[in-house]
Amino acid sequence: MKNYILRRILQVVPVLIGISILIFAVMKMIPGDVISGILGVEATPELRAQLAAKYGLDRPYLVQYLDWIGGVLHGDFGESIRTSAPILPEILSRFKVTAELTILAAFISWIIAIPLGVLAAVKRNTLADRFVRVFALLGVSVPNFALSILLILVLSLAFSYFPPLGYVGFLEDPLRNLQIMILPAAILGVTISGSVMRMTRSSVLEVLRQDFIKTVRAKGASERVAIFRHALRNALIPIITLIGMQIGSLLGGAVIVEQIFSLPGLGQMTLTGINQRDYPVVQGCVLFIAFIYVLVNLLTDLLYAYIDPRISYD
Amino acid sequence: MEHLLELRNLSIDLPRGKRQSPVKLVEGVDLTVRKKQNFGVVGESGCGKSITCSAIMGLLSYPLTVGAGSSIRFLKENGEELEITSLSPAELRKLRGKDISMIFQEPMTALDPMYTIEEQINETLRFHTSLSKPEMHEAALAMLKKVKIPRPEQILKDYPHHLSGGMLQRVMIAIALINNPRLLIADEPTTALDVTIQAQILDLMNELRESYDTSVIMITHDLGVIAETCEEVAVFYAGQVVEQASVEEIFRAAAHPYTAGLLKSVTSLGGEEKMLYTIQGAVPTAGNFGQGCRFADRCEYCESRCRESAPALTEISPGHLCRCWLHAPGKEAAQ
């Protein structure tokens, strides 16, 4: 097990190197650059060259890349060209917001999706099942920005409720923090619960057909034991795979929802960085997001072995 | 009620929506299993033998249901008579795994891959007894020894994927017998095992039933298994019992052409080489049985009345029932 974890963590290295090269290249290739962003398109070539030299952008790409990646290896993600603020502390503080949002959204989606998915599988082809399937379809197909705007409209017009603006950390003021977070988290939770619900339904349905469920019933088990202790546990692997991917991508920042609710999360930081062509910011964010994604995948794989005794990493 | 189990007029329906009447997969089955009897049920795939036994456990899988007018009566140890078709789910649960238990065809898939053997044996104990954990461990260990599993201490800690099919079937038997049931339903317990293991499992079952007061219903399509383990046998064809008699009687004087055909198609070592006998044609599908005898199209002795009306199950000699016009009462008198 220890060997496996070590091996998997080492595998992260080539992945991150690949991603760092890719994102560096993409940032150089997209039209527009940070210099014209700061000086405007009318600036004289002399002024441009001066500024480029200041940020080291006049050096060959290879040198720029090696300089950047060398810093990253020492834990130095560089500074933002726009604000001169060091990037890593900024990423970490914004990641706290995104992580909280993700955890809340994931909990909300599980609370909705797993019980309803199981219910739909057990009561297949009944009214309850149809209701769940329609709900899941809506969750999968309604984009979260539409849901966000709709919810804000309904809450403000019908209930005169406005989600408080201005982010406050959980440790500073937990109640106000939750007030700010609950709406975006619920929207993300509902959006991702659609696919979890579908996966739960089909996976549980599949397991319920298997012989050992009949054995369990033949032993005198209650439906509750047969469904939750046996069917759901056997159905968990594909559900966890899906949840792992969802958490991975949510931790990378829910760009649109963060933007709508003006949450200072990682997605918002990345988006602003891209808009301003702030190379080191975008590169740092993407690298960090990739690292988190790979880490979540590793945790998912370790969870498999914990749930299913047939899977072992020795 | 002096017998352990009585099925009367059992039918099993496959619903076809609201507008059409359901298809009767099993129809008019009367069976009586006596205490400590080994009762064989034989028939080809799809003849309804397995679902009949699932119905006895109240375990018909969706969307099958027991038809109206069916009766399944079971005599409990304390002399109480139960009508299984009208029990509540909670009452059925008390019966399953305690008074009636079941083993299945595929031992490899019959146990939950997520739990150890011990956890799965303990579950059966926990549902029906109030033993403490150490007591359950002792009981499980003793039971594994009875089904002759080597290294039982180790096996208890193993997961199903660690064991072979034969071992798993022994574990299944252990689970089925641990609460000392009155009736064990064995649904083709040896079909998925290879021949040497089959013989071991049958020997084990024969041995165990000596020490337990359990009646066994042995479902199989293998007449050899019937000959080796059973006293009484019912032959199923297309959802009906076509013949029922003691095993000696069936092998000595099979009366129904279908049973006779089955016996003729058994291979034997020794003797001269010849083409194996086969019964011509195929089983009609449920819902297309027509009004005559369901075996008529495949029967060598088919005559006109076989197609016009269905024969009833009648006693042709003491204890020997047959559903065939050849043996209908008054047949000899008419000739």
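**Note on the predicted two-chain model**

1. Read along its sequence, chain A follows the pattern α-α-α-α-α-α-α-α-α-α-α-α-α. Its secondary structure comes to 13 helices and zero strands, where helices (H or I, at least four residues) and strands (E, at least two) are DSSP runs numbered from the N terminus. This is a predicted model, in which local features need pLDDT of at least 70, side-chain atom pairs count only at pLDDT 80 or more, and totals for chains, interfaces and linings use all residues. Residues are numbered from 1 along each chain as its sequence is written, chains are lettered from A in the order in which they are written, and side-chain values use heavy atoms, with hydrogens and water left out.

2. The C-alpha trace of chain A spans about 85 × 60 × 35 Å along its principal axes. Of the 314 residues of this chain, 46% count as buried, that is, under 20% relative accessible area with a 1.4 Å probe and protein chains only. Among the chain A contacts (heavy atoms within 4.5 Å) with a separation of 6 or more, 74% join residues 24 or more positions apart.

3. Helix α12 (residues 266-275) and helix α13 (residues 279-307) of chain A pack at an angle of about 145 degrees, with their axes 8 Å apart. Axes are lines fitted to C-alpha atoms over the stretch in contact, and angles run from 0 to 180 degrees between N-to-C directions. Leu266(A), Met269(A), Thr270(A), Gly273(A) and Ile274(A) of α12(A) meet Val281(A), Val282(A), Cys285(A), Phe288(A) and Ile289(A) of α13(A). By class, this contact has eight nonpolar, two polar and no charged residues.

4. Chain B is divided into domain 1 (5-237) and domain 2 (240-334), with bounds from an automatic or database domain assignment. The C-alpha centres of the two domains of chain B lie 28 Å apart. Their contact takes 22 residues from domain 1 and 26 residues from domain 2.

5. The largest nonpolar core has 99 residues, of which Ile185(B) and Ile217(B) touch the most other members. Such a core is a set of buried Ala, Val, Leu, Ile, Met, Phe, Trp, Tyr and Cys residues joined through side-chain atoms within 4.5 Å. Its largest share, nine residues, comes from helix α7 (residues 165-177) of chain B. At least three residues are drawn from each of domain 1 and domain 2 of chain B. Apart from this core lies another, of 29 residues, including Phe24(A), Ile69(A), Val72(A) and Ile289(A).

Definitions and conventions. Ala, Val, Leu, Ile, Met, Phe, Trp, Tyr, Cys and Pro count as nonpolar, Asp, Glu, Lys and Arg as charged, and the others, Gly among them, as polar. Buried means under 20% relative accessible area, exposed over 50%, partly exposed in between (1.4 Å probe, protein chains only).
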